[in-house]
Amino acid sequence: MRRPATHDKSIILWLVTVLVLSISGSVFADSYTATGAADFKDGFIYQPYPANNYGGDTRVIIGKGSGTAVAFRQYLWFNTPTGTNTNVVCSLAVYLTTLSINPDTFDIFWCTRPNARYFVGNNLGITADSSEMDWDRLFNNGVSATPPDTFWTTAGGDFTTADTLAHRIIPGGSSAGWYYWVLDSVQVDSLLKGTRANYGVFIKGRAFSTLSTRTEGASTENSNSALRPWVKFVYSTATSETANSRRRHVLVRL
């Protein structure tokens, strides 16, 4: 059997290199991870306790409890890269630890009202310096009268269902692990270009029955930093860059 000549080896090496690059897809440039309280905030609101804030809770909670008027809604705010970008792909990831035995579809909507304080981690919105949102208010100032409380237009948060960012069906009895929502690229692109205000998002369950779809996960306060939620942006900064050319990769988490 003839042994490969030197030029044969070169051809083989070239073919392997091309194959590896083809499989790997995008080549990332200017990639970085943004971490810190200024980059990612979260907390849930709970319908039966409309004056309570749960920004300091270690859990993400979505879905609803058994019965009626027992909904949880998860709020998240994340910093974003800016500029004129194309080929945008954005994924939101949440590590879910306790899942319902009943299925539900979980939608992500833009929040349409600003709250500069977001969730600073005071768990119960009943003290003089609470300054967080709850089910009834986008700004709960606790026992202080100045500035006054600011209420949502609709209790449970202001968002528009016409701009669904993403939805994810989670079957009943699913296992713990990472769950991903791929956000609508056109809407995320408008966020990166600054034509849409960044007021954060809500995760909301669709369940209409009285069965519980309560699902829990790890929040930014979770002691295991590897399980905290994150959002990833992959995008180009020039129209000449394609989905498989030099692209930017930004990971935002706490």
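**Serine 174.** I looked up the contacts of serine 174 in this predicted model and found that, leaving aside residues up to four places away in sequence, it touches Leu99, Ser100 and Tyr179, a contact meaning heavy atoms within 4.5 Å. Serine 174 sits in the loop between β9 (159–170) and β10 (177–183), where strands (E, at least two residues) and helices (H or I, at least four) are DSSP runs numbered from the N terminus. I noted that serine 174 counts as buried because its relative accessibility is 18%, the classes being buried under 20% relative accessible area, exposed over 50% and partly exposed in between, with a 1.4 Å probe and protein chains only. The side chain of serine 174 reaches the backbone oxygen of proline 171 at 2.6 Å.

**Ground rules.** I number residues from 1 along each chain as its sequence is written, and side-chain values use heavy atoms, with hydrogens and water left out. As the model is predicted, local features need a pLDDT of at least 70 and side-chain atom pairs count only at pLDDT 80 or more, while totals for chains, interfaces and linings use all residues.

**Cavity.** I then searched the whole structure, which gave one cavity of 30 Å³ or more; a cavity here is a set of points on a 1 Å grid over the protein atoms alone where a 1.4 Å probe fits but cannot get out, and lining residues have an atom within 4 Å of a point. The largest cavity holds about 30 Å³ of space, the volume being that filled by probe spheres set on grid points joined across faces, edges and corners. Its lining includes Leu99 and Ser100, both of which serine 174 touches, and also Pro171, whose backbone oxygen the serine 174 side chain reaches.

**Glycine 217.** I placed glycine 217 in strand β12 (residues 215–218) and found it buried, with a relative accessible area of 4%. Glycine 217 and threonine 97 are 120 residues apart in sequence, yet 4.8 Å apart in space, C-alpha to C-alpha. Beyond four places in sequence, glycine 217 touches Thr58, Arg59, Val60, Tyr95, Leu96 and Thr97.

**Whole chain and confidence.** I recorded two helices and 14 strands, and buried residues make up 47% of the 254 residues. Average pLDDT, the predictor's confidence in each residue from 0 to 100, is 79, and 75% of the residues score at least 70. Over residues 9–26 the pLDDT is below 50, and this stretch has six contacts beyond near neighbours in sequence. Residues 120–130 also stay under 50, with 37 contacts beyond four places in sequence.

How values were computed:
A polar contact is a pair of N or O atoms within 3.5 Å; within protein, one must be able to donate a hydrogen and the other to accept it, and residues adjacent in sequence count only if both atoms are side-chain atoms. On a 1 Å grid over the protein atoms alone, a cavity is a set of points where a 1.4 Å probe fits but cannot get out, and a pocket is an open set with protein on both sides within 12 Å along at least five of seven lines; lining residues have an atom within 4 Å of a point.
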